[in-house]
Amino acid sequence: MTTTLPAYDDVVARYEPVIGLETHVELGTNTKMFCGCPTDFGGEPNTRVCPVCLGLPGSLPVANKAAIEATIRIGLALNCSIAEWCRFARKNYFYPDMPKDFQISQYDEPLCFDGYLDVEVDGELVRIGIERVHLEEDTGKTLHVGGATGRIHGATESLVDYNRAGIPLVEIVTKPVPGTGALAPEVARAYVTELRDVLRSLGVSDVRMEEGSLRCDVNTSLNLPGEEWGTRTETKNVNSLRSVERAVRSEMLRQAAVLDAGGKITQETRHFHEDTGDTTPGRSKETATDYRYFPEPDLVPLAPDAAWVAELKAALPELPRLHRRRLQEQWGLSDLDMQSVLNAGAVELIEQTVAAGATPAAARKWWLGELSRRANEAGIELADVGATPAQVAELQGLVDAGKLNDKLARSVLEGVVAGEGSPTEIMTDRGLEVVSDTGALTAAVDEAIAANPGIADKIRSGKVAAAGALVGAVMKTTRGQADAKTVRELILERLGVQG
């Protein structure tokens, strides 16, 4: 039976949402968390494994110092306190992608705790509390084959690849975030966006959501104003910034429909479907006691030296919010203009385009104009639209050199997005370069003058502005490839008029 969902404005008028986010980040270390296996993405299944990450009898883990350092740096960047003493724990559960039948994680003693991250949404500063930042090992990957959906239901068999099992994984858990109202979906997206930028600035991960090195679980609940928070659901492994926002909005609508019908929300995990924007049930949500946590007996506790932590804090790079403020001043943008850049997810793209040789104004024009339009139409992130900052800078360089006008440049950009090559190659292959040679244009100018004697007479009588009509005629004849300035000069010269 299909449930009719209420209107979003009606939902936020009657209910108060509370959100929370659990973000998993694969660290960019050379080796796994507790063994020496390489961590490169890809590779033939089950070729980057050893007795330790497979959990074979007699194997013993050794903690990866680089992963511990990266986690402390993340915690410091998120304004967390760093534990003077903590330890790893065993999180026990059976699942095919966990070869040991337990995961080495942290439970009641995280490495980093009690921090915050500030994000801007619609010009408002929202502080997201950080409950904990803890270090653990990633699981393997289960592939369900033989079905239509790629999920276990309907599959004929399941295959497990343990290459990912044991890769250092940092989990960043927010405190519940109430009070965001109608902006809850935007706040969730802004938080993950800002967190991704922080992690990238630290150089601890490539944070590629499409490859799974950044994965987000989105918790959502609704309650009536003044009442206790509602039962939350956890939408698992949301894999794009756009989908984080859509997942919160979808769950708010679904939960409101259930509550309006007199039903109760079940505490469960849910799957987000990119094609429909809907969520469907996964499994009932376990509590901490279900995992039977106990201290990992094969690893010594962690006790980060205070002087070392201070050194790491002093060496933190400029964080994204401060970096953006500096860029805004350099680019000469108003707060409103910078907010448009942020909303489009274009800060880094514009910065890289400027570094490749374009002016800030030109870079902003392309990314917030034609490329943003294409990304929105395709329903993808701007960074995935098919053009790189270097290509955009090269395209603008051709415009600046007079080899392309804006119309021709858009045609070249179409080829770039389609993967046909560099702007210069596409311009040459398609024969799109602006024609500025007077010899090649003279015939077209004479033809336009002969076809429009009345306009030519006006120009001869001193009405020079009328030359625009003849310029347009020449541009039409040359399929937009004529250099408009050269054409105008030729028209006036052929008619014996001073410009």
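What follows is a conversation about a predicted model of a protein chain.

Biologist: How many helices and strands does the protein chain have?
Modeller: Helices (H or I, at least four residues) and strands (E, at least two) are taken as DSSP runs and numbered from the N terminus. The C-alpha atoms of the protein chain fill a box of roughly 95 × 55 × 50 Å along the principal axes. Within the protein chain there are 17 helices and 14 strands.

Biologist: What percentage of the residues in the protein chain is buried?
Modeller: Buried means under 20% relative accessible area, exposed means over 50%, and partly exposed lies in between, with a 1.4 Å probe and protein chains only. The protein chain has 499 residues, and the buried part of them is 46%.

Biologist: Which strand is joined to β1 by ten bridges?
Modeller: Strand β1, residues 16-26, is mostly covered, since ten of its eleven residues are buried. Two strands pair if DSSP finds at least two bridges between them, and β1 is joined by five bridges to the antiparallel strand β9 (residues 168-174), where V25 stands opposite V170. On the other pairing, E22 stands opposite D217 in β10. The strand joined to β1 by ten bridges, also antiparallel, is β10 (residues 214-223).

Biologist: Why is one side of β4 and of β14 left without a neighbour in the sheet?
Modeller: These strands belong to an open sheet of three strands with antiparallel pairing, in the order β4-β3-β14. Because β4 (102-105) and β14 (294-295) stand at the edges, one side of each is left without a neighbour, and each has a single partner strand.

Biologist: Which residue of β14 is the bridge partner of R90?
Modeller: Strand β3, residues 89-92, pairs with β14 in the antiparallel sense over two bridges. In β14, the bridge partner of R90 is F294.

Biologist: How far apart are the end C-alpha atoms of helix α11?
Modeller: The expected span of a helix is 1.5 Å times one less than its number of residues. Helix α11 (residues 389-400) has twelve residues, so it should span 16 Å, and this agrees with the distance between its end C-alpha atoms, 16 Å.

Biologist: Which helices do the buried residues of α11 pack against?
Modeller: The buried residues of α11 are P389, V392, A393, L395, Q396, L398 and V399. Contact here means heavy atoms within 4.5 Å. After α11 comes G402, whose phi is positive, near 80°. The helices that the buried residues pack against are α8 (347-355), α9 (360-368), α10 (370-378), α12 (406-417) and α13 (423-430).

Biologist: Is N46 buried or partly exposed?
Modeller: N46 is found in the loop between β1 and α2 (65-77), and its phi is near 60°, a positive value in a residue other than glycine. With a relative accessible area of 34%, N46 is partly exposed.

Biologist: What is the relative accessibility of D101?
Modeller: D101 is found in the loop between β3 and β4, and has a positive phi of about 70° although it is not a glycine. D101 counts as partly exposed, at a relative accessibility of 37%.

Conventions. Residues are numbered from 1 along each chain as its sequence is written. This is a predicted model: local features need pLDDT of at least 70, side-chain atom pairs count only at pLDDT 80 or more; totals for chains, interfaces and linings use all residues. Side-chain values use heavy atoms; hydrogens and water are left out.
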